[in-house]
Structure formats: structure tokens, C-alpha cells
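Open the model in a viewer and keep the selection tool at hand. The stops below say what to select and what is there.

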Amino acid sequence: MADTKKLFIKTYGCQMNVYDSERMAETLGAQGYVQTDTADDADMILLNTCHIREKAAEKIYSELGKFRGLKTAKPGLKIGVAGCVAQAEGAEIIRRQPMVDLVVGPQSYHKLPQMEARVQSGKRALDTEFPEEDKFDHLASRPKAKRGPTAFLTVQEGCDKFCAFCVVPYTRGAEVSRPAERVMAEAADLVARGVREITLLGQNVNAYHGHAGGLAGLIWQLSEIDQLERIRFTTSHPNDMDDALIEAHGTCDKLMPYLHLPVQSGSDRILKAMNRKHTRESYFALVDRIRSARPDLLLSGDFIVGFPGETDQDFQDTLDLVRRVGYGQAYSFKYSARPGTPAAERAEVPPEVASARLQELQALLTEQQRAAQADMVGREVKVLFEKKGRREGQLIGKSEYLHAVHAVAPDDMIGQVITVQILKDMTNSLKGQVLSAPARPRA
Ligand code: 5AD
Ligand code: SF4
């Protein structure tokens, strides 16, 4: 191509941003951009930002400051800010950092080609609208290149839950689901290109309503794609775990026994103050039902400590909930006030108290995570091998429970689901031994 330009994208935050960055790269690919993994030789730098916690905007401003030298050396360099900080800050970004050429909110990525043309003509481009149409429909279709065995696929965006601490309903807008036909078409395309495991993404993915049967209906339809071996989804709100989805965990072989089900706190008082609209007892009852459907399911969660008004007793309730539920994996955060959210108006817990609580909770969660992983030793698991390992002759992949597993295996097992016996817990991964021949002949 005559004028190939180089695009450097830096992605912050959640898996939805990872997916969006891929799609933006593909869209700009159609404009003649190829991706580079260093900012130094880029013609365009895009920061795909996250606004969920802490001084996200400040971090982006300081990151932008680092590009000043590059821009001076190469005036044609274009700099863009995408994602949730772009949505939240809008024109303020250009005011504070005039070298920024482009600001694009998460719902406007399909306008990138026009915006890129505009910045090439020396103007600035800003779009943080919430349009009615499905942005993904207007993004360039994925190129037909071969893919690795796993992929993300965004099926739902936005959130109507309005938890008192969370910016998502403001930065990503109201809940929108992509129609099942479009998701199916994208999934079929991914599978044709080598993908064997798809993780369905959404801020509130189990509220998906693009299929008459909800998320469970979509999962069942996806499970009919012959070469798609595994389906996962994230992130879920407890109140949207409907009967069909719980049942699918027991009956759909392709749905993996792993569920990210954030509860945030174990105290009813705090859950109420957070506007979570569920109680600890209703969460326990839900976990029981899910585990009755799929006893070996590994649960994951998110927790916030130091939410305004959290007393020591409230925190003890959280520790108690964690002990009672038992998590295979979890993320825990210190509350950080997000401007514009209801909780931001409330008096905060002293930072040293919040830090001490976070440490205590993390110690407990780490202990549970280690125990869940150690418990795999001696068991047979199914591993989807994804790539070569660090050692010669080794492959690495993930078990159905999302543990990283490595084993000596031939390269042509990449992209296949193989039975592996777990020999040893290596802390960051599990070491295994291949037991089965390939589960199915290669196409
Ligand atoms: N402070 C701390 N943690 C937060 N999260 C969301 N908003 C905040 C906040 N203001 C956490 C929640 C959520 C995860 C993605 O980030 O635990 O589930
Ligand atoms: Fe934020 Fe999740 Fe609550 Fe929605 S359900 S407001 S995304 S924490």
C-alpha cells in the first residue's frame, strides 16, 4: 500500500476495551493503518482509556504529556483519546492538552474513519454522542486473517443498574444488546478463522436481551456452532442470573464452569447504600442454586472496601461472606469516589482504615485462590492450548476453570481441547501431563 501509516493503541481497563481496541484497529486498518507496538514510530497514537477507579483522567493527562516530545519531532503525528475518560472529559481533554487531535467516546467508534480524515486535514475531531445505531455494525468487518484459539465478543454494552459508586451508567450509557443474528455472524466468522473459545462481553452481560431466550438462549444457539468448543461470559449482576442461565450451567457442555459474579460487599447495610438491590442472603441463595446446577463451578467476584459509611462490622460481614462462599478468583478494590456518582457526595472512610481492610480481604482471597488452584493437583482437566510455552516443546492454555496450565505437547495441539492430568501447582500456573489424543480430528 502506498501510504501505510502506523497505529499505536494503548489499552487500559476491562476486556471490553481490549475488544474495542481490536475493532478500532481493524476499522483504521481499512484507512491504511497497520498496528505497531511502540509509540516511537507511530503516525497515530490512541489511548483507549478506563474511568472506573482512581485518578484515571490525571493518569491520562500525564501519559499524554510523555508524547509531547514525539509530537514536536513529528508534527504529523496524530494523538487520540478513546474510551471512558474521553466520554467523561470530552472537550476538556483538548482544552487541557491541546496537542490532542481526536477525542472519541465508546459509542462513536464507527465514526473513526470520518474523524481520522478530519484530523488529517489539520482539524480536531470530537465525538462523545450516544447514537441509536449499533456501532459494531458500522465498524469494518474483521479481516479474514487467522486468529488465536480464544476471542472476546461484545454482545451488550452499558448498564441501567446505577450502583451508587459506579461511573459505567454515565460513561457507557443505557443497556444496549446486539441482536443475536449479528452476534452469531461474528461468532461464525471468528470460528472460521480458528477461534475455539468465545468470551461474551458486556458490562451487564446477563441482562442481554438481543435473543428471545436472553443470554441463555444466545449461549445455546452459539453452542450449535460445531467447531466452537467453549463459551464464557462476563460480567454478571446477581439480579440478572435467570433460571435458564443457571440451568445452562448444568446442561450446556460448552458453557465453562466458571462464573464472575460480583457482590461488592457482604453487609446488607452497605449493599443497600450501594444501591445493589440484593441482599447477602439472596446472594447466598443464588450461589447455592448455581452450585446445585454445576457443583464444580468456580466462582469469581469483585469487592469494594471502604465504601462511605462502612463500619468494621460491615467489613467483618464481607469477610464472612467470602468465607462462606469460597472464591476461586476475585478482585478487590479500595473505594474511590467518582465525580458525578451519588456516593461521591458522602463522607469517606479514613484511607488508612480502607487500606488495612483491603490488605486483610486480599489476604483471604489470595488464600482461597491458592487453595482452589492447589486442589486441581491430581485431577484431570480439559485444556484448550493457546500457544507455545516458554520451554521448548511446551504448550500453555487454560483449563475449563480458567487456570493456566502448561504441558509438554506437540504444536499441532494448539487450538485443541486436550485432557491433561495436573501434576503440580506452580503458583502462577499448573503443570500437567497430556493424557488424551486430540478430542476430535482436526478439520
Ligand atoms: N471504586 C472502587 N471500585 C470500583 N469498581 C467500580 N467502581 C468503583 C469505585 N468507584 C469496581 C467494582 C466493579 C469493578 C469492575 O470495579 O468492584 O465490579
Ligand atoms: Fe457499575 Fe456493574 Fe453496578 Fe452497572 S452493575 S452500575 S456496571 S458496578
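This is a predicted model: local features need pLDDT of at least 70, side-chain atom pairs count only at pLDDT 80 or more; totals for chains, interfaces and linings use all residues.

Start by selecting residues 214-222, helix α10, where seven of the nine residues are buried. Buried means under 20% relative accessible area, exposed over 50%, and partly exposed in between, with a 1.4 Å probe and protein chains only. Helices (H or I, at least four residues) and strands (E, at least two) are DSSP runs, numbered from the N terminus. The buried residues of α10 are G214, L215, A216, G217, L218, I219 and L222.

Residues are numbered from 1 along each chain as its sequence is written, chains are lettered from A and ligands numbered from 1 in the order in which they are written, and side-chain values use heavy atoms, with hydrogens and water left out.

Next, select T234 and T235, which are joined by a cis peptide bond with omega of about 5°. T235 is in the loop between β11 and α11. Most peptide bonds are trans, and most residues other than glycine have a negative phi.

Q264, not a glycine, has a positive phi of about 75°. Q264 sits in the loop between β12 (258-260) and α12 (268-273), and its relative accessibility of 8% makes it buried. L402 also has a positive phi, near 75°. L402 belongs to the loop between β16 (394-399) and β17 (404-408), and at 31% relative accessibility it is partly exposed.

Go back to Q264 and show ligand 1. Which residues surround ligand 1? They are I52, R53, F165, Q264, D302, I304, F333, K334, Y335, S336 and R338; a residue counts as near if one of its heavy atoms lies within 4 Å. A polar side-chain atom of D302 is 2.6 Å from an oxygen atom of ligand 1. A backbone N or O atom of S336 is 2.8 Å from a nitrogen atom of the ligand, and a backbone N or O atom of F165 is 3.0 Å from a nitrogen atom of ligand 1. Ligand 1 has 410 Å² of accessible area on its own, and the protein covers 87% of it. β13 (298-305) and β14 (329-334) are the elements that give two or more residues to this shell.

F165 leads on to ligand 2. Its surroundings are C159, K161, F162, C163, F165, C166, V168, P169, N204, H237 and R276.

For the last stop, select C14, C50 and C84, which the UniProt annotation "binding site" covers in an unreviewed entry. They are spread over 71 residues of sequence, yet the largest C-alpha distance is 10.9 Å. UniProt annotations may be inferred rather than shown by experiment.

Is C50 buried or partly exposed? C50 is partly exposed, at 21% relative accessible area, and lies in the loop between β3 (44-49) and α2 (56-66). Leaving aside neighbours within four places in sequence, C50 is in contact (heavy atoms within 4.5 Å) with Y12, G13, N17, A56 and V85. C84 is in helix α4 (residues 83-89) and is buried, at 10%.

Technical notes
A polar contact is a pair of N or O atoms within 3.5 Å; within protein, one must be able to donate a hydrogen and the other to accept it, and residues adjacent in sequence count only if both atoms are side-chain atoms. Accessible areas come from the Shrake-Rupley method with a 1.4 Å probe; for residues, only the protein chains shown count as cover.
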